[in-house]
Amino acid sequence: MKYNNILKKLWRNKNCLNLKIIKKIRLLKDKSNKKFMSFKTPTRLDKAKKYGYLKKPNYGIVKIKLKKRKDKKKVKKGKIFGKTSNHGVYKIKRYSNYKTISYAKLKSFIKKAHIFNGYWLNEVFNFKKVFGLYIL
């Protein structure tokens, strides 16, 4: 079996012991790091190659740290006055997902970059880690 296939099977089964240990080690390293971190090599090689990563000088990888948002409407005193019962404060869905937010942040961080794609990497109680692949 090829190395990439083994990696795919490992990442599919996220609750296996090997992957849990790897995730915990990465979380401990990344806990106090900045919002943007650039890397030379990807941590998930199978995903990076699938999305078109090549080991060339123009290609780059950035780890983006996003804060998990609460889907709560910003209103005065946390209450909506004079509306129907269906217009609540909670359970209001935003239109943009974490991937689009991470792309926008990466674009503001590196302005000349052409963004390929991104993939989920890790998650803590109040932060999500996303990888972004780009070309200069």
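Student: Which helix gives the most to the positive patch?

Tutor: Helix H1 (residues 3-12) does, with three residues; a helix is a DSSP run of H or I with at least four residues, numbered from the N terminus. This is a predicted model, in which local features need pLDDT of at least 70, side-chain atom pairs count only at pLDDT 80 or more, and totals for chains, interfaces and linings use all residues. Residues are numbered from 1 along each chain as its sequence is written, and side-chain values use heavy atoms, leaving out hydrogens and water.

Student: What makes Lys-50 exposed?

Tutor: Lys-50 has a relative accessible area of 61%. Exposed means over 50%, buried under 20%, and partly exposed in between (1.4 Å probe, protein chains only). Lys-50 is therefore called exposed. This residue lies in helix H3 (residues 45-50).

Student: Why is Ser-102 called buried?

Tutor: The relative accessible area of Ser-102 is 1%, so the residue falls under the 20% limit and is buried. Ser-102 is found in helix H4 (residues 98-109).

Student: Which residues is Ser-102 in contact with, leaving aside its neighbours within four places in sequence?

Tutor: They are Ile-64, Leu-66 and Val-130, where contact means heavy atoms within 4.5 Å.

Student: How many of the residues in the chain are buried, as a percentage?

Tutor: Buried residues account for 28% of the 136 residues. Among contacts between residues at least 6 apart in sequence, 62% join residues at least 24 apart.

Notes:
Helices (H or I, at least four residues) and strands (E, at least two) are DSSP runs, numbered from the N terminus.
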